[in-house]
Each structure stands twice: as C-alpha cells, then as structure tokens.
Amino acid sequence: MNSTGNEGVRFEGLEQQALMNFSSAGIQATLNNLSKWLVAVVFGIMFLWRHDIETLWAFCGVVVNDRLSTVLKGILNHERPVLSLRSDPGMPSSHAQSIFYTVTFCIISMVEYFGCNGITAVTSVLIIAMGSYFSWLRVSQRFHTLNQVAVGAVLGFCFSIFWFWLWDALLIKAFIAHFWVPIVAVVGAAGSCVGFLLYVVRNRVHDNKH
C-alpha cells in the first residue's frame, strides 16, 4: 500500500511538473512571437509622448537597422541551430538587433528628458534586462544560437548610437536650414511605418506556417 501510494504521489508530481513546463514553454513562445510587435508598440508610445521629428528619425532607423541585418545575414550566411524552424541565415539575429536598437533609443530619450539620476539609471537597467530576456527567447525557442543573438544585440546598440549621432551631427542643422527637409522626413517616416508593419505581419504569417 505504501509503495502504491508513493508511486501515485510521484506520478502526480511529475504530471504537475510537466504541466508547468508546458505552460512556461507556451508563454515563452507567445512572448517570442510578440517581440517584433513590441518594438512597434514602444515606438508608438514614444511618438505619442515626444511627438517630435527626432522620434520619426528614430523610426526610420528601425527600418534601416532591419535592412542592415538582412544584408549581413546574406553576407555571413550562418546557419540557424534548427534548420527545420527557419531556413534563412541566422547571423545576426534581427530580433535582437531591433530590440537593442529600441532599448538604446528608450534610454537615450530618458536621459535627454530627465537627465542622469538614480531613477533613470534603475529604469535603464530594467529596460536592458527586459531587452535581454526578449532576445534570449530567440535562443530558448531555438531560432538562433547565443552568438547570433549576442552579435545582433551589439549591432543594434551600435547602430542606434550611430543613428542618433548622425541626427545630432548633421540632420538637425538641415532641418533648421531647409523647410523641405521636415516634409521629406515625415513622408519617409510614414512610409517606414507602413513598411515596418507589413514586415512584422509577413514575418508573423511566416512563423505561423512553420
């Protein structure tokens, strides 16, 4: 009787553990699928908060950053860990690159508006931690290796710094000096928004088919 009882308890424990693992895996898969949408939502919120031309410039950078990732994937031609999930090259991770471009933009915006203080420092750490978690999901879901995600994160961070340096060093002077530059920027940003949303929808459909 005791042996039978112990076996029943062990079976129930294993069943509960399996359910917990299944639930955790499902949540991670869902969060992974939402990571690109998260970038779009963050920029939407940032634009509503800041509603300035610099945010539009930043959104244009999202599209250029994504295209850079696609070009590098074709050049490096590095295989993904599981080819049956995605057959295109995996180096660098475009998700990690987009996420850390956005992470850097959020931190830069906070420092510009609120300065360097304890609150912005803690918030920046939390943003980096969240970006790292969403990037790590690409590894846990076996879409990328750790190296592919790490390279994507570094590239996204560096490109974001370069993109905002370009704004401060060159573009802001053109905006002040020429009236037509803001018009071109708004039209370009609107096109970038549409293109990025179409890209996210296309990738979501592609992921669902696989």
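How many residues does helix α3 (residues 94-114) have, and how far does it reach from its first C-alpha to its last? Helix α3 has 21 residues and reaches 30 Å, close to the 30 Å expected at 1.5 Å a residue. The model shown is predicted: local features need pLDDT of at least 70, side-chain atom pairs count only at pLDDT 80 or more, and totals for chains, interfaces and linings use all residues. Residues are numbered from 1 along each chain as its sequence is written, and side-chain values use heavy atoms, with hydrogens and water left out.

**View 1. Helix α3 and its end.** Helices (H or I, at least four residues) and strands (E, at least two) are DSSP runs, numbered from the N terminus. The expected span of a helix is 1.5 Å times one less than its number of residues. Of the 21 residues of α3, 16 are buried, so the helix is largely enclosed by the rest of the structure. Buried means under 20% relative accessible area, exposed over 50%, and partly exposed in between (1.4 Å probe, protein chains only). Just after α3 comes glycine 115, with a positive phi of about 75°.

**View 2. The loop between α2 and α3.** Asparagine 77 is placed in this loop. Its phi is near 50°, a positive value in a residue other than glycine. Asparagine 77 has a relative accessible area of 54% and is therefore exposed. Proline 92 is found in the loop between α2 and α3 as well. The peptide bond from methionine 91 to proline 92 is cis, with omega near 0°.

View 3. Helix α4 covers residues 118-140. Its 23 residues should span 33 Å at 1.5 Å a residue, and its end C-alpha atoms are 33 Å apart, which agrees. Asparagine 117 caps the N-terminal end of α4. A side-chain oxygen of asparagine 117 lies 3.0 Å from the backbone nitrogen of isoleucine 119. The buried residues of α4 are Thr120, Ser124, Gly131, Phe134, Ser135, Leu137 and Arg138. Arginine 138 lies over the face of phenylalanine 143, at 4.5 Å from the ring centre. A charge sits over a ring if NZ of Lys or CZ of Arg is within 6 Å of the ring centre and within 35 degrees of the ring normal. Arginine 142 follows α4 and lies in the loop between α4 and α5. The phi of arginine 142 is near 65°, a positive value in a residue other than glycine.

**View 4. Glutamine 148 and its surroundings.** Glutamine 148 lies in helix α5 (residues 146-177). At 0% relative accessibility, this residue counts as buried. Leaving out residues up to four places away in sequence, glutamine 148 touches His78, Glu79, Arg80, Pro81, Gly90, Met91, Pro92, Ser93 and Phe143. Contact means heavy atoms within 4.5 Å. Glutamine 148 and proline 81 are 67 residues apart in sequence and 9.9 Å apart in space, C-alpha to C-alpha. The side chain of glutamine 148 also makes a polar contact with the side chain of histidine 144 (3.1 Å). A polar contact is a pair of N or O atoms within 3.5 Å; within protein, one must be able to donate a hydrogen and the other to accept it, and residues adjacent in sequence count only if both atoms are side-chain atoms.

**View 5. Aromatic pairs.** A search of the whole structure finds 10 aromatic pairs. Tryptophan 57 and tryptophan 163 form one that is stacked, 4.2 Å centre to centre with 5° between the planes. This pair links distant parts of the chain: tryptophan 57 is in helix α2 (residues 53-76), tryptophan 163 in helix α5, 106 residues apart. Tryptophan 57 is buried, with a relative accessible area of 14%. Tryptophan 163 is buried, with a relative accessible area of 9%. Phenylalanine 105 and phenylalanine 164 also form a stacked pair, 5.4 Å centre to centre with 15° between the planes. Here phenylalanine 105 in helix α3 is linked to phenylalanine 164 in helix α5, 59 residues apart. Both phenylalanine 105 and phenylalanine 164 are buried. Ring pairs link Trp57, Tyr101, Phe159, Phe162, Trp163, Trp165 and Trp167 into a cluster. Rings of Phe, Tyr and Trp (its six-membered ring) pair if their centres lie within 6.5 Å; planes under 30 degrees apart count as stacked, over 60 as edge-to-face and the rest as tilted.
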